[in-house]
Amino acid sequence: MLEKTFEPQAAEPRLYAQWEESGLFAPRTDGAAEAYSIVIPPPNVTGSLHIGHALNNTLQDILARYHRMKGKAVLWLPGTDHAGIATQMVVERQLAAAGNIGRRDMGRDAFIEKIWEWKAESGGTIVRQLRRLGASCDWSRERFTLDEGLNAAVRKVFVQLHTEGLIYRDKRLVNWDPHFQTAISDLEVEQREVDGAYWHFAYPLADGVTYEHPIAFDEEGKATEFEMRDFIVVATTRPETMLGDTGVAVHPDDGRYAGLVGKFVTLPITGRRIPIVADDYADPTKGSGAVKITPAHDFNDFGVGKRAGLPSLNILDAFGRITDVDTPDVPADYLGQDRFAARKAIVARAEEEGWLREIEKTKHVVPHGDRSGVVIEPWLTDQWYVDAKVLAQPALQAVEQGDTVFEPKSYEKIYFEWLRNIEPWCISRQLWWGHRIPAWYGPNGEIYVAETEEDAREQAMADYDSEVALTQDEDVLDTWFSSALWPFSTMGWPEKTEDLERFYPTSDLVTAADIIFFWVARMMMMGQHFMGEAPFKRVIINGLVRDEKGQKMSKSKGNVIDPLGIIDELGADPLRFTMAILSGTRDIKLSKQRIEGYRNFGTKLWNAARFSQMNEARRVDGFDPASVDQTINRWIRGELTKAERAVSQAIEGGRFDDAAGALYRFVWNVFCDWYLELAKPVFQGADEAAKAETRAMTAWTLDQTLKLLHPVMPFITEELWAELGKEGPARDGLLIGAEWPVLPDAFIDASAEAEIGWLVDLVGEIRGLRAEMNVPPSAKPPLAFVAPDAVTAERIARHRDLILTLGRVSEVGSADAAPTGAVTFVSGGSTIALSLAGIIDLTAERARLEKEIAAFDSDIGHVNKKLGNPNFVSRAAPEVVDEQRAKLAEAEAGKVKLQAALARLSEIG
């Protein structure tokens, strides 16, 4: 007999160990089996399981377990990412905390050795946590983006792309982190709203130039007054960058400045003579309409500078301090100053000299490093780049032609938008931890790109008569570069391996929307270029998990749900089921209460299995569900078949919420609430043949239910599979390796469905009416069918006992008309009367309903007042407005229901 409750804390580690030991996580070796493959989005080796991981990996595991049970050779390939900047930061902090010297004092080789030591001790944390979630990855194939095989693949790709002219070195603007002294990707930049200001500076016009500037306008916007000016006003949020200004831009159609285009200003402080240029980037409606241009320190300005032929002058060093490397005209007073100290000094000088015209306080968004927390600088520096535009074309075509599809399809727009407007990809990072760039420099600055230093030396011999000293590039590659090769490098490329032959391209990729361009698009580019086909056939985009109010989870808000804490307390299955059933929206509103609710779902299943055992429902060798005769057994067989269809189609379509919803409805509403209730009289009856058939059918249905539910809730289903297998014929093996049920259409019996459907609807109506009319649970009012037809009369006779028991009524009869004091309702085409006179206090009940209706009216009026206020709707957070609208809809529906109940009372008297 099953224990009273399922104890996940004890069962889950034991069950997972059994799965691993079984070898079933690895693909079937049967060459005839259809292949299904999926590569895990590699979490950072520094990471710990967060709720986003829980969602993403639950969905992947559902796919892997489902296709494995469908008989396919399933490869779910796991691994972790070396996470360059994050890992380097973790180890540097550890060294500092232990009182050790810094990495620069330690030296590159010794520091990297320390990181490998850290990885050996702590780098497996997230892998162990994925096991706790139940992830059925093939751990024997686990990869790491810095392992030797992937290192070789990265070097080969770099060299080949360089040979093809698709990797090159260039001086361009990058996101520069002055704390880590490295370029970082857009994904590592966090936009924060901060208090700031626009400083309005008057740049004097050179060569004695003056012009008339409009200062007053009529109602039509035409200038009516002018003043003579010998300056042009620009505004900036970063005054220190003026030291690198090389131009002022105005819009070509801005009549105010038409006569100034081609003229010059004298830049304050430096005395530098810089031109006024026309460019569409300048917006006549913003500020003065004139924009200072600093090509070396602003991405937009860089573009203007390119178009106008303006020089790019770098005024900052790698630490964000003022330098005169490009600008010898910068006064010595500013050299070496931190950028923010220089800002204060420049503003003070502007005020003192009279060219500061206004300080306009504002809130604006400023980029910060997500790891360092410091303000990021657009910085002009030499880096390695990939010609992404060329690589993007086949990746675009693959999705346009349907070789790869996105689910939901709407995400294709994001993919297309980015690839059609793609910029060169900066792939070098000024770090030590990562794939070191396979480029060596000769004594005269020659660059030799090769897979090994030996190959580089061979190249150098063509330029020199004898061997010369070569120095390898100090930089490492962007982490996303190695990740872009993940679908094929993990399978052994560039070697022609069996895994590549069998499992590439992969079947599915499950990932988040925020890395469609950082990772998905780049994998598409590399897969098309090096493998000749897209790396996956379908991309399933999962949503973002938020708190129950729709707010983003953050430690500062205190609204973070820790998946490991949930697993410790409630088990992995409730968390997994919640992730699945809520996965159908872009923003998933999650609360602990929801997860606890789905723990109750698991408990319901466990109790149903215990009930079945208590009633001797054991598996019978040779039992054929096609041969059952009892109506309830033919009915549950059809309901199970429909559930199997719904679950299979939903998982195949990547609609995990629909799959979980279908499972919930079948297990809770159909099997537990109705079938087992309908089976009770049979179990307790004297018809031994009916009893034996229903016991066998119950056991068989429970077995098929465990199979259907296993991909979503693997632990509790595996435990029940083992426990229920102790009776009846021996199991062939673990549930994870069982065959997915494929049930024939013939199992759906229309007559049984109509018969039991009639009974279920009738009892549901009775129960609903009892609740609506506040009938005490102990009361058993009489029920009468009004002039039933012959078919209904036969059904009443067959199911009288069930109606009495399930409907909690004292009798089931028939009448030519509804009795006095009865409430009528319609079910199954029949009019039915439930006599409530003398059972409920009509006066008290009418007063209760009127009071509750009044309360709803009050709520409706209060919410309508809020929603009718334009200020509330425009200023409140969207989730707050949505919450109020939902509250209004709920109140209106509740009011309608109570009004119907009040109307029914008038039938009684």
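Student: What makes Glu-353 partly exposed?

Tutor: Its relative accessible area is 43%. Buried means under 20%, exposed means over 50%, and partly exposed lies in between, with a 1.4 Å probe and protein chains only. So Glu-353, at 43%, counts as partly exposed. Before we go on, note that this is a predicted model: local features need pLDDT of at least 70, side-chain atom pairs count only at pLDDT 80 or more, and totals for chains, interfaces and linings use all residues. Residues are numbered from 1 along each chain as its sequence is written, and side-chain values use heavy atoms, leaving out hydrogens and water.

Student: Why is the contact between Arg-349 and Glu-353 called a salt bridge?

Tutor: The rule asks for a side-chain nitrogen of Lys or Arg within 4 Å of a carboxyl oxygen of Asp or Glu. Here the distance from N to O is 2.8 Å. That is within 4 Å, so the pair qualifies. Side chains of opposite charge can pair when their charged atoms come close.

Student: Where do Arg-349 and Glu-353 lie?

Tutor: Both are in helix H9, residues 339-353. A helix is a DSSP run of H or I, at least four residues, numbered from the N terminus.

Student: What makes Asp-254 buried?

Tutor: Its relative accessible area is 6%. That is under 20%, so Asp-254 is buried. Its salt-bridge partner is Arg-256, at 2.7 Å from N to O. Arg-256 has 23% relative accessibility, so this residue is partly exposed.

Student: How do you know that Glu-677 and Lys-680 form a salt bridge?

Tutor: Their N to O distance is 3.1 Å. The limit is 4 Å, so they pass. Both lie in helix H21 (residues 656-684), three residues apart, about one turn of the helix. Glu-677 is at 24% and Lys-680 at 29%, and both values fall in the partly exposed range.

Student: How many salt bridges does the rule give?

Tutor: The count comes to 54. Asp-61, Arg-65 and Arg-576 are linked in a network of them.

Student: Why is Phe-340 called partly exposed?

Tutor: Phe-340, in helix H9, has a relative accessible area of 32%.

Notes. Helix = DSSP H or I, 4+ residues; strand = E, 2+ residues; numbered from the N terminus.
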